Amino acid sequence: MNSLSWVAFKTIFLKEISRIMRIWGQTLVPPAITMSLYFLIFGNLIGGRIGDMNGIRYIEFIVPGLVMMSVIQNAYGNVASSFFGSKFGRYVEELLVSPTPAWVMLAGYVSGGVARGLMVGAIVMLISMFFSDLSLAHPILTIFTVILTAIVFSLAGFVNAVYAKKFDDISIIPTFILTPLTYLGGVFYAVSLLPPFWQKVTYLNPILYMVEAFRYGILGQSDVSLSIALPVICVFTLGLTYFCLSLIERGVGLRS
Amino acid sequence: MSHAPALAIRGLKKTYGNGVSALKGVDLTVQAGDFFALLGPNGAGKSTLIGIVSSLVNFNEGDVDVFGLSLRNQRAQAKQQLGLVPQEFNFNQFEKPFDICVNSAGYYGVSRELAKARTEKYLTELQLWDKRDVASRTLSGGMKRRLMIARAMVHEPRLLILDEPTAGVDIEIRRSLWKFVQQINTQGTTVILTTHYLEEAESLCRNIAIIDKGQIVENTSMRALLDKLDKEAFILDLATPLTEAPIIHGFTVQLLDAQTLEVEIPKGSELNGLFGALSGAGIGVRSLRNKSNRLEELFVRLVDQGKLAKPTGAAA
């Protein structure tokens, strides 16, 4: 990375961090409250009656899924809203007229999304400690999975922002696609509980692989083999990176 | 590269997705160090041209070089030379002026320490230093325009493009702004200006291009263009009222009201002859002014007549 790219990357990243901290009441607090309620209601109150899931206490089974859900939603939401805001307010032009390379621009926004995803993930993880008794079975795998997942959904949020023409457009995908895929991606139940047909359908859901890899990292067991889960996550990361770069280079949604 | 023009555009064409042909083969050269006016009526293609040069608009055909650096294959280096002050506010209204300038410099690879020093320099020169920490949405329209100029200057571009920078700015601020731009031009920055205040263009710019319907219809020095004016109209405020316009040989005289005359003077005629005749008729003149700006008259004539097919040569 040459000097220009490094300075430009730092500038975008610090700007994103400053935005996250400036509006912390919108970026960091809501997921903490929502997830505390999940832990309380699904984990403690209902979870006690559900019993074990794959031989694990229910509250401990859902913690990895809920942490991952927070990471996914916040990484996605951060890039989608921040980048669309810069398009809407036209200050994305500051970057477009500058010599900042497309990949640096993408890396800057994605690192902002990853940072928020990880901040929220860490907060949710801390809260989970009040409700469960977890330890990390495979710390490096856990960190690797959560970072790659945050990158994938930051990239997806970027794609959403590029195509969005109004603020409604950046809430449609999270509401109608992201949330259902997350809820049906093994956050609250083991895939093995499903009938064979629905198990096969669930394996088409990319979020399942991220949740299961993360669950393996924390609990040391999951429904999906790591030899499948990790390549799936890597393919999505590379594919979306290539797609985002081509969008910027072609100026889709950015240049007329 | 040192002797390359600040901007060289050849055969530039742009057709938008809706079929509108905004530029139909534009050729334009702006020499390094120039103070250049790019004028044209609304919808003529000015903003498209500026958008292409500043990489906000894609082009279909042609070439654009900034100080000899091609936008096609040396885009990053070409962008480094360029500063843009757009027509509409395009900064984050929730950020502070100081941060907006420092961040903008960062996009050009300027280190944070240097960016802060330059931000102080330009915000001070543009009388915005005491506003550096307020939310920029609270600034007045004139302050926002000056902020965009400071932002465009923090990476110290060699070519500054000002797209109607004085729209909605009061006269005092406008004058201080022009003083600043003249100063940076004197220091070597090439300036391209679009404006609807033609008296500004006339008094500031050395060379001029007029664009209409996506084509350059005039591209010459300001002096050469003004020399094309074959007549000039003046308004005379009279000392005593008249009931009818006097007949003066060689001049077209019209009585606008009892104490105001409009006189058309052909190019080459001397005002002495007019005043001699008025004096001889016992008519006193209290004051004299141009009916309209000379450049404005030419501009309107060029655009109205649709004279427009061929460019008249390159800028000096």
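**Exercise 1.** Which span should the 27 residues of helix H6 of chain A (residues 102–128) have at 1.5 Å a residue, and how far apart are its end C-alpha atoms?

*Solution.* Start with the rule: the expected span is 1.5 Å times one less than the number of residues. Helices here are DSSP runs of H or I with at least four residues, strands are runs of E with at least two, and both are numbered from the N terminus. For H6(A) this should give 39 Å, and the end C-alpha atoms lie 38 Å apart, which agrees.

A word on the source: this is a predicted model, where local features need pLDDT of at least 70, side-chain atom pairs count only at pLDDT 80 or more, and totals for chains, interfaces and linings use all residues. Residues are numbered from 1 along each chain as its sequence is written, while chains are lettered from A and ligands numbered from 1 in the order in which they are written.

**Exercise 2.** How many residues of H6(A) are buried?

*Solution.* Call a residue buried if 20 or more other C-beta atoms (placed from the backbone) lie within 10 Å of its own, exposed if 12 or fewer, and partly exposed in between. In H6(A), 20 of the 27 residues are buried, so the helix is largely enclosed by the rest of the structure. Across the 256 residues of chain A, 46% count as buried.

**Exercise 3.** In what order do the six strands of the open sheet in chain B stand?

*Solution.* Strands pair if DSSP finds at least two bridges between them. The order is S6-S7-S8-S3-S9-S10 in chain B, with mixed pairing. Strands S6 (82–85) and S10 (215–221) of chain B are at the edges with a single partner strand each, so one side of each has no neighbour in the sheet.
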